[in-house]
Amino acid sequence: MSDVFAGIKHLLKTDSTSIDNKFFKLHYKATMFILVACSILLTQKHYFSDPIDCFDAGGVSNDILDPYCWIHDTYTVPSLKDKIVGREVVAPGVGPAKEDEEVTYHSYYQWVTLFVYFQAILFYIPRYLWKVFEGGKIKMLVAQLNTPIVDEEVKKSRVEMMVKYFSINLNTHNQYAIKFIICEALNFVNVVGQIYFTDRFLGYEFSNYGTDVLAMSERQIGTRHDPMNRVFPKVTGCTYNQWGSDGGWEHHTALCVMPLNVLNEKIFIFLWFWYIIVAVLTAVGLMYRIATFIPGVRTMMLRARARLAPAVAVEQVAGKCQYGDWFMLIQLGKNMDPLIFKDFILDLGKKFKGVDD
């Protein structure tokens with residue numbers, strides 16, 4: 001397993017320059033890593049293992065029957081889900097279907113690996129857009145200022161350069177901030193959309209999947225009907241036709257064991273809870289973003305970021321800044337050494353005070 005996941009450990013690597021926040025990282029780092037890891041694991045089981053085992057009394061070789069049933073849809077009969085196994089049915093939902101009786105065909109298992117990998121790509125798209133919009137501006141501005149061990153002359157010249165930059169470009173950063181907020185909103189839209197599309201992919205069984213599993217766990221052991229068997233059946237039926245000895249068609253039903261669904265059910269129950277958690281935390285992040293449109297909140301947060309600088313200097317700077325300028329200062333504060341950021345805020349406050357005078 002370490003060899004399998006060694007190639008994707010870089011997805012969790014911390015960037016030298018932070019251009020977003022922890023809510024953002026939940027999507028393109030944590031969630032993307034989980035989905036790519038699941039996709040790799042499922043790919044190994046799908047294509048380099050034995051994803052299906054079928055047997056039938058008709059004498060057809062397993063070498064032929066297994067790939068046939070894998071390519072064609074296997075099925076279960078919903079009306080047989082609650083029948084007694086061993087007496088009425090061979091396995092939950094597996095048995096002969098009556099005429100005009102509803103039959104559920106399962107073909108999604110062929111696409112699970114690609115579906116999960118596609119989800120991983122979608123979770124990275126907002127990050128990609130933000131990197132394009134951001135254009136490396138923060139990295140350029142904080143160059144050589146993210147460590148306390150800096151030559152005094154270099155530090156002085158870099159701080160002077162940043163003060164000059166802010167003086168010239170004051171009140172011009174609103175579009176920069178708006179683009180980030182759009183990408184934050186895209187994160188929320190994406191995670192809610194992934195819950196919906198996963199629900200469609202699994203035949204509208206995913207939306208209640210987690211609650212059904214929790215409800216099942218509270219029942220008595222003898223009365224439990226595992227909802228995961230409904231979504232990911234471990235045993236299914238497979239029908240095929242072949243020429244009989246009399247030259248006519250013979251209809252056969254094979255019994256297929258789906259060992260891969262044991263893994264699928266665990267992955268998707270985890271994803272159900274994970275998507276809910278990510279959606280809730282992302283919504284909290286958006287509420288935090290809305291709160292930052294209040295000037296007093298922005299001043300308080302800038303004071304917390306520049307905690308070493310005098311409150312008077314922080315308020316002087318905050319009073320001159322529009323939303324985009326404040327957002328840029330917060331971004332810089334996350335990537336600069338606190339002592340250097342304090343000097344920057346002090347010099348910037350003096351600059352703004354001198355302009356007022």
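Helix α4 bends by about 30 degrees at tyrosine 124, and a proline, proline 126, follows within four residues; the bend at a residue is the angle between axes fitted to the seven residues ending there and the seven starting there. Helices (H or I, at least four residues) and strands (E, at least two) are taken as DSSP runs and numbered from the N terminus. The model is predicted, and local features need pLDDT of at least 70, side-chain atom pairs count only at pLDDT 80 or more, while totals for chains, interfaces and linings use all residues. Residues are numbered from 1 along each chain as its sequence is written, and side-chain values use heavy atoms, with hydrogens and water left out.

The 23 residues of α4 (residues 112-134) should span 33 Å at 1.5 Å a residue, and the end C-alpha atoms of the helix are 34 Å apart, which agrees; the expected span is 1.5 Å times one less than the number of residues. Among the buried residues of α4 are Phe115, Phe123, Pro126, Arg127 and Trp130, where buried means under 20% relative accessible area, exposed over 50% and partly exposed in between (1.4 Å probe, protein chains only). Glycine 135, whose phi is positive, near 65 degrees, follows α4.

In the protein as a whole, the secondary structure comes to 14 helices and five strands, and 43% of the 357 residues count as buried. Contact means heavy atoms within 4.5 Å, and residues 24 or more positions apart account for 74% of the contacts with a separation of 6 or more.

Helix α11 (residues 295-305) packs against two further helices, as tabulated here. Axes are lines fitted to C-alpha atoms, for helices over the stretch in contact, and angles run from 0 to 180 degrees between N-to-C directions.

| Helix pair | Angle | Axes |
|---|---|---|
| α11 and α12 (residues 311-320) | about 135 degrees | 10 Å apart |
| α11 and α13 (residues 323-335) | roughly 20 degrees | within 10 Å |

The angle in the α11 and α12 pair makes α11 oblique to α12, on a scale where angles under 35 degrees count as roughly parallel, over 145 as roughly antiparallel, 65 to 115 as roughly perpendicular and the rest as oblique. This contact is made by Thr299, Leu302 and Arg303 of α11 and by residues of α12 including Ala311, Val314 and Ala318. The angle in the α11 and α13 pair makes α11 roughly parallel to α13, and Arg298, Met301, Leu302 and Arg305 of α11 meet residues of α13 including Tyr323, Trp326 and Leu329.

Threonine 292 lies in the loop between α10 (260-291) and α11 and is buried, with a relative accessible area of 0%. Leaving aside neighbours within four places in sequence, threonine 292 is in contact with Val297, Arg298, Met301, Tyr323 and Trp326. Glycine 210, found in helix α8, is likewise buried, with a relative accessible area of 0%, and touches Ile269, Trp272 and Phe273, not counting residues up to four places away in sequence.

Most residues other than glycine have a negative phi. Asparagine 171, in the loop between α6 (152-168) and α7 (174-201), has a positive phi near 65 degrees and is partly exposed, with a relative accessible area of 34%. Tyrosine 204, in the loop between α7 and α8 (209-217), has a positive phi near 60 degrees.
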